[in-house]
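Please open the model in your viewer and keep the selection panel at hand.

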Amino acid sequence: MTFEEARAQFPVLERYAYLNAGTNGPLPRATAEAVIDQTQRDLVHGRSGKAWFDRILELREQARVGLAGVLDVDPLHVALTDSTSRGCSIVLSGLELGPDDEVVMTDQEHFGLTAAVHASGVRVVLTDADEDALLAAVTPRTRLIATSHVLWTTGRRLDLRRVREDAKIPVLADGAQSAGAIPVDTEGLDFYTVSAQKWLCGPEPTGALFVRDAERLRVTSPGYLSQTSYEPTGAFVAKEGAPRFDSGWLATPMLLGLLAALAAHPEWRYERAAAQAALCRELLAEHVEVVTPPGHSTLVSFRPAGDPTELVAALEAQDVIVRELPGRNLVRASCGWWTSDEDLRRLVAGVAAA
């Protein structure tokens, strides 16, 4: 598949320089068609019967296999979720932490992670966003290190394998800005979340959670698909592995849309995305302060000369889509494998003219 053929899967790119996959990726045409076709089928034929239900179970396993492929792990270690936030909550509640336990995380985390940590009732320890700071904060009370693989703010990538090996305690990785954007190595990590609507270009709400050892977590929010058998009292036998943590029902149209999205990504996606992010960083650096370190991720965050809200609005008026990071005086561009040189030239021209 050539770049032109691959890019043509995304109708939004015919008009926009769409540089906001860090929020939601562009939808492939096949994804939208799959969602629409299944919705129309359900409208006409209903949503019931053994064949309908069996098909959904098969689609769920296909989605599990596809998401496991993104992480290069066994599907038995993957739970289907509706978001990274849900995955974080599953882990924090399942560990059954209390006020005598500490969780270490950086001061650059997304609310999807910080909220789950706070709600668990633990003592929260915040550090600077680097490996040495995380490791220095670990004490005998530390039960978990919870942090992003790629920071949603600066685009910095953390060496979580090193953190896990040196700290020797479990690590929960927020993979919202990494899974589907860069190659992911879960070796040594305990938990890893996926937001499929971002870099994987799937429909929302879809996502995944990697769990290395399912026995380490309690099932705190069981759904019907968490069990293999149950009693009238509610007692149940959990499924083997991570599927016991599946966060409930995923609509059939969303499952089909996700499978179509996973099929849209070419083999050269990671190399191309990295090259476009490097080019974006190089071009922007002539006009603004770029805070993303070189070679770290597919996010490029920069500090504009003027008001970031006004710049984002001005760029949108020119059909260039980026996002402001509120309260940080930063604007963020997301460079996918589908990003063209012309997209980047349009961005830089708008920034230079502001």
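Predicted model: local features only at pLDDT ≥ 70, side-chain atom pairs only at ≥ 80, totals over all residues.

Residues are numbered from 1 along each chain as its sequence is written, and side-chain values use heavy atoms, with hydrogens and water left out.

Select K198, in the loop between β7 (191–195) and β8 (207–211); strands are DSSP runs of E of at least two residues, and helices are runs of H or I of at least four, numbered from the N terminus. K198 is buried without a salt bridge. Buried means under 20% relative accessible area, exposed over 50%, and partly exposed in between (1.4 Å probe, protein chains only); a salt bridge places a side-chain nitrogen of Lys or Arg within 4 Å of a carboxyl oxygen of Asp or Glu. Now display T23: the K198 side chain reaches its backbone oxygen at 3.3 Å.

Next, select helix α9 (residues 269–284). Which of its residues are buried? They are Y270, A273, Q276, A277, C280 and L284. Viewed down the axis of α9, the buried residues fall within an arc of 130° (directions from the axis to the C-beta atoms), so they line one face. E271 and E282 are exposed on the face turned away from the buried side.

Finally, select D107, in the loop between β3 (102–106) and α5 (111–119). D107 has 38% relative accessibility and counts as partly exposed.

Definitions and conventions. Lys, Arg positive; Asp, Glu negative; His and termini not counted. Polar contact = N/O pair within 3.5 Å; in protein donor to acceptor, adjacent residues only side chain to side chain. Expected span 1.5 Å × (residues − 1).
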